[in-house]
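Please examine the model shown here, beginning with the chain as a whole and then turning to one of its pockets.

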Amino acid sequence: NTPALIGLGASCFVPNSLCRPADASIVEVVMGSCGVVEKLSDEKLLDAVTGLSGSGPAYVYLMIEAMADGGVRMGLPRATAMRLAAQTVLGAGKMVLDTGKHPGELKDAVTSPGGTTIAGVHALEGRGFRGTVMDAVQAATKRSEELGRPTPY
C-alpha cells in the first residue's frame, strides 16, 4: 500500500475479542496517520483488503501508464501525458470520495450521447475492462490467502 508513504493509503483492521474499545481507537489513529482506515468485523476479509487496496495501487499505476501511453500515441509529449493521466485519476478518485456519488453516476455525467467518452468507454468494455480489474482483485485476494496458510515443514 505504497500511497501510505504520503498519507493517502487505504487499509483496514479487525479488533479481536481481547481488544478494548480504547485499544481499537489507538489502532485507528495510528493506522489513520497513513490514510483512510476502516474497521472490519471479520478477519477473513483482510485478504480481500490486500487484493483491493494493498495491491490496487499497482493496478492504478498500470492504468495511468496506459493512459499516458495513449496520449503519447496520439501526439502528446510524454511529461504532459503523464501529468494529465495522473491528475485525471486523482481528480476522479476525489470526486467519488467528496461527492459520495456512485462511480457509475459520475461516469454517466461525463458521458455524452455519441461523444468521445462513450467511444472510449465502449473500447474499454469491449475488451473486458471491468471483468479484468475484478479478476485482478480476486487473484490478489486468493494469493494473499495462500500466503497466509501455514507451510508444511
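Predicted model: local features only at pLDDT ≥ 70, side-chain atom pairs only at ≥ 80, totals over all residues.

Read from the N terminus on, its elements follow the order β-α-β-α-α-α-α-α-α.

The overall dimensions come next. The C-alpha trace spans about 55 × 40 × 30 Å along its principal axes. The radius of gyration of the chain is 19 Å, whereas a compact globule of 153 residues would have a value near 15 Å. Of the 153 residues, 15% are buried, that is, under 20% relative accessible area. The chain exposes about 11,200 Å², and carbon and sulfur atoms supply 65% of this area. Among contacts with a separation of 6 or more, 56% are between residues 24 or more positions apart.

Attention may now pass to the second largest pocket, which has a volume of about 260 Å³. Which helices each supply at least two residues of its lining? They are helix 3 (56–73), helix 4 (78–99) and helix 6 (116–126). Helix 3 provides the largest share, 5 residues. The lining includes Ala66, Met67, Ala68, Gly70 and Gly71, and also among the lining residues are Leu76, Ala81, Leu84, Ala85, Thr88, Gly120 and Leu124.

Key: Residues numbered from 1 in each chain as written. Heavy atoms only, no water. 1 Å grid on protein atoms, 1.4 Å probe; cavity = no way out; pocket = protein on both sides within 12 Å on 5 of 7 lines; lining within 4 Å. Points joined across faces, edges and corners; volume = space filled by probe spheres on them. Helix = DSSP H or I, 4+ residues; strand = E, 2+ residues; numbered from the N terminus. Rg over C-alpha atoms; globule rule 2.2 N^0.38 Å. Buried < 20%, exposed > 50% of the residue type's maximum accessible area, 1.4 Å probe, protein only. Contact = heavy atoms within 4.5 Å. Areas by Shrake-Rupley, 256 points an atom, 1.4 Å probe, with all protein chains shown as cover.
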